[in-house]
Amino acid sequence: MDYEKIKKSAALKQKIFSGVIYFFLAIWGLFVLFPFYWMILTSVKSYSAYNSEYIPKFFTLSPTMQNYIDAFTTVHLGRYLWNTLVFTVITTGLMMLVITLAAFAFARLEFPGKNLVFTLFLALMMIPNELVIITNFATITNLNLRNTFAGLILPSVTSVFYIYLLKENFAQVPDALYYAAKVDGTSDMKYLFKVMIPICKPTLVTVGILKVIECWNSYVWPRLITDDEAYYLVSNGIQEIRENGFGRENIPAMMAAVVVISLPLIVLFLLFRDKIMEGVSRGGTKG
Amino acid sequence: MKVVFENLTKKFPNRNKKAGGEVVAVDHFNFQIPDGKLVGLLGPSGCGKSTALFMICGLQKPTEGRIYFGEDDVTDIPPEHRGVGIVFQNYALYPHLTVRQNIVFPLENLKGSEKMSREAMNEKALEVAKLVQIDQLMDRKPNELSGGQQQRVAIARALVKMPKVLLLDEPLSNLDARLRLQTREEIKRIQRETRVTTIFVTHDQEEAMSISDEIVVMKEGVLQQIGAPQQVYDDPINLFVAKFLGTPPINMFDGNVVGEKLFIGEEAVLICPGVKDMAVHVGIRPEGFILDENGPFTCELSRVEVMGRDISVISTHKDAQSVSIRSIIDAMNDVDTTKAQVRFSLKPKKVLLFDRETEERVYFSIQGKSGDNYGLTDSVNSGKEDDQGNNREEVHLIHRQEAENQTEGRA
Amino acid sequence: MEPTNKYKGWLYLLPAILFLGCFMVYPLVDVFVYSMEEGYNFASQTFFDTGFYNFSYVLHDPYFLQAVKNTFLMVVITVPLSTGIALLISVALSSIKPLRNLFQTIYFLPYVTNTLAVGLVFMILFKKTAYSDGLINLLIHLFGGPSVDFIEGPYPAKMFVMCLYIIWVVMPFKILLLTSALASVNEHYYNAAKVDGTSKFRIFYKITLPMISPTLFYLVITGFIGAFKEYSDAVALFGTNLNAAEMNTIVGYVYDMLYGDSGGYPSYASAAAIILFMIVMTITCINLLISKKHVHYV
């Protein structure tokens, strides 16, 4: 056998093969990135420049920040951002509290009916949001909570799935730690906050980030429950901008707004990349 | 602080719900653990020793019976008010806290008049840390410590509240062999220095024997025997205790007592005065064999293992209950490995008889004369000629001089 | 451990139970009640009769039928396509070392972006306006094709953009799960196969695929469920008046019945939501049945 020949042809094959792979991956990368590039590019083109380009240019030599100024002055982008921030912070905070307590009860405490309730909780995971949103809409309307933060936040607080995720994590903390704490006279509440939560911090952070992403991007519920622009979140805001926006089709300004509302989550993602990806692969759903 | 169990019982619902019924983890315990002693609760896994420990510290409530600390009934007192410290098998150190924070943790829970200032807590923590010799490691996290060090931290945390009773759950099982030896000395030392009543649970009889002032042997929730380690070893009350204690384990044979003589197979190996004719389990401790060309007990020689100080003779016997018989004899003895058989005479004190039915100990009185030597055997196979063709009628028993006057007559 | 107060656990559960009770359990019961109340008037909260009229109305509503058709098309096109492409990409990703992290980061970006926002970008890329034909149309021109308005033009064009955008949106999740599934396949299997001279394709078909089949199956199921609930992506591309654009989805129909210009009919909305739920359940059950034969759980 001619080993030299085999070696050479194997190396060549390998090179061609990985070349094809990289080409293919790069194409998909372009497909993913292109809309981002386009929105940033368009957002720095001036209104007149954009509209005069019958054939859109792939770059611009005279970038302008005017569109960003317009986005904050002509429409209430700042307000949408603020609303979304308030909504996200309160909803996530409340949820963390509620699910931590519930998960702790399921993972650590013994009480009559525990298994039954837990089974019922699990069964609730199968209920799609679309089925309950109708009554929630009626409830919130009847309580006169339309166009309020309470109306936006309350139905978004609990997540059975996160309770389940957290419970599994809590249950991994060795029993002996709890017993040790008990012998030392630690109350359940103190044990939860001083021992359980610090140990399970990574999961809690992951759940928190996932919820933040969910809140930031939520559209359906806010759309149903708010028609006063003062309470719009960014998703509704962007829709509002699109439909009634800048008086005329000011696409560059629209794109500036899109960049502004996309930016916080992208920054968050780049900061917590591993946490988010790990969290999504464990507990995310989308698509 | 002595610990008293009165009729202590714990039942659990059967884990397999379909099977129903209850599992009795601890069955009517009645005994005392004396003040200031180091006591080992010993038994195979699943014998209820951990349940007993958890009931002492209050993590589990007894189904019936009472527990007293000294004169106080603590049965219904929650754990934190009992004044117990516990070290768990895997140490249960809080992974996110430093050594100092771990040790201080129990003190932070004190309320009312017991409340301590931060300085007092740290001082106290340093004091116990010095006792267990980890004062250099106070700012490390548990995962930066070796197993032995983690254990010391756990002990320090258990001791920091000055408990009346210190409980250790399998304290050595997570350590490697070398550390185990070192740590058991350490536990002994700490216990001596603090004088705190210490109860520890283990399935390792060697560990229990080596450091305990007293051992409590349990089986399936039932107390078998309690006493000083050597005493329990020398004088087990039943087959289980005899088999459970000792490494290498006791050699078991099927035997019969006929006319106050103990027969293993066809050979009369020992006279056992005071025992009526019956079928027995015969247990012979490895150190109970004496190499003796004229000995009454013949085994098939397998091999000899030299271990320096002494040698092990591995042999087989058709009536042995295990594949091989291990006897440990002094290295001075010369075993002729060319022979197919090896003959022993037996030390009566090391031969234990148990009723074949009840597995309870059958006691016999040991007779002997002072000044007898091991090698000087004059034993006989009843009615049967030995190799030399001698027919001997009497069995003389040879035993240690210091043991001669001890007679066990509890049967 | 026997606690002093054995009902204390319930106290910890109370907030969760309250929230779930108010916004999940009660609505779940109520939606069935709504769906049976005929001629329900939202303002006066009265109804004439009970029965299955709402279901019959919804099933005969052309808008609903259009929505069902759209939704099924989206499901049938996007689920196999996105899963297949995601599998290809993940396999390619796992076969490289340099730049892998970079690619993974890029591919995940759509997961964290606002669907409505990026939908707008897709829209301007595909839309024909008075000023410009849009980038995509120019590309088509370049290859000699006629320009099409993908946003307000013919149905197939609209469906094409729709599906393209859905795939863009759902890919990150699928790629992420598949790459981690691929990474967890034990190296030994590959090494053993390589030594035997097994071809790459055969390794993939005989070893990799069976090993990751649980993940793949999970993705197909969640993919189906997700695609059946498609809504915001459509709004992002075609605006809130989806009925006019002929691009409504079942979920969109539910919301339109509930609220908006054509809203105020919670009974119809409930009936439609229940029908959707039934469809999803049926499909999921079929999936489960099929998977029994083809998925290898290790």
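## Nonpolar core

A nonpolar core is a set of buried Ala, Val, Leu, Ile, Met, Phe, Trp, Tyr and Cys residues joined through C-beta atoms within 7 Å. Buried means that 20 or more other C-beta atoms lie within 10 Å of the residue's own, with C-beta atoms placed from the backbone. The model is predicted: local features need pLDDT of at least 70, side-chain atom pairs count only at pLDDT 80 or more, and totals for chains, interfaces and linings use all residues. Residues are numbered from 1 along each chain as its sequence is written, and chains are lettered from A and ligands numbered from 1 in the order in which they are written.

The largest nonpolar core has 277 residues, and A:Ala257, A:Val258, B:Ile56 and C:Ala272 touch the most other members. Helix α7 (residues 155–183) of chain C gives the most to this core, 16 residues; helices are DSSP runs of H or I with at least four residues, and strands are runs of E with at least two, numbered from the N terminus. Leaving out residues up to four places away in sequence, A:Val258 touches A:Met39, A:Ile238, C:Ala117, C:Leu120 and C:Val121. Contact requires C-beta atoms, placed from the backbone, within 7 Å.

## Helix α4 of chain B

Eleven of the 13 residues of α4(B) are buried, so the helix is largely enclosed by the rest of the structure. Among the buried residues are B:Gln149, B:Arg152 and B:Arg157. Their cover includes β6 (84–87), α2 (99–108), α3 (118–131), β7 (165–169) and α5 (177–194) of chain B.

## Domains of chain B

The domain assignment, automatic or from a database, gives domain 1 (3–240) and domain 2 (249–403). Five residues from domain 1 of chain B and six residues from domain 2 of chain B form the contact.

Key. Contact = placed C-beta atoms within 7 Å. Buried ≥ 20, exposed ≤ 12 C-beta atoms within 10 Å, placed from the backbone.
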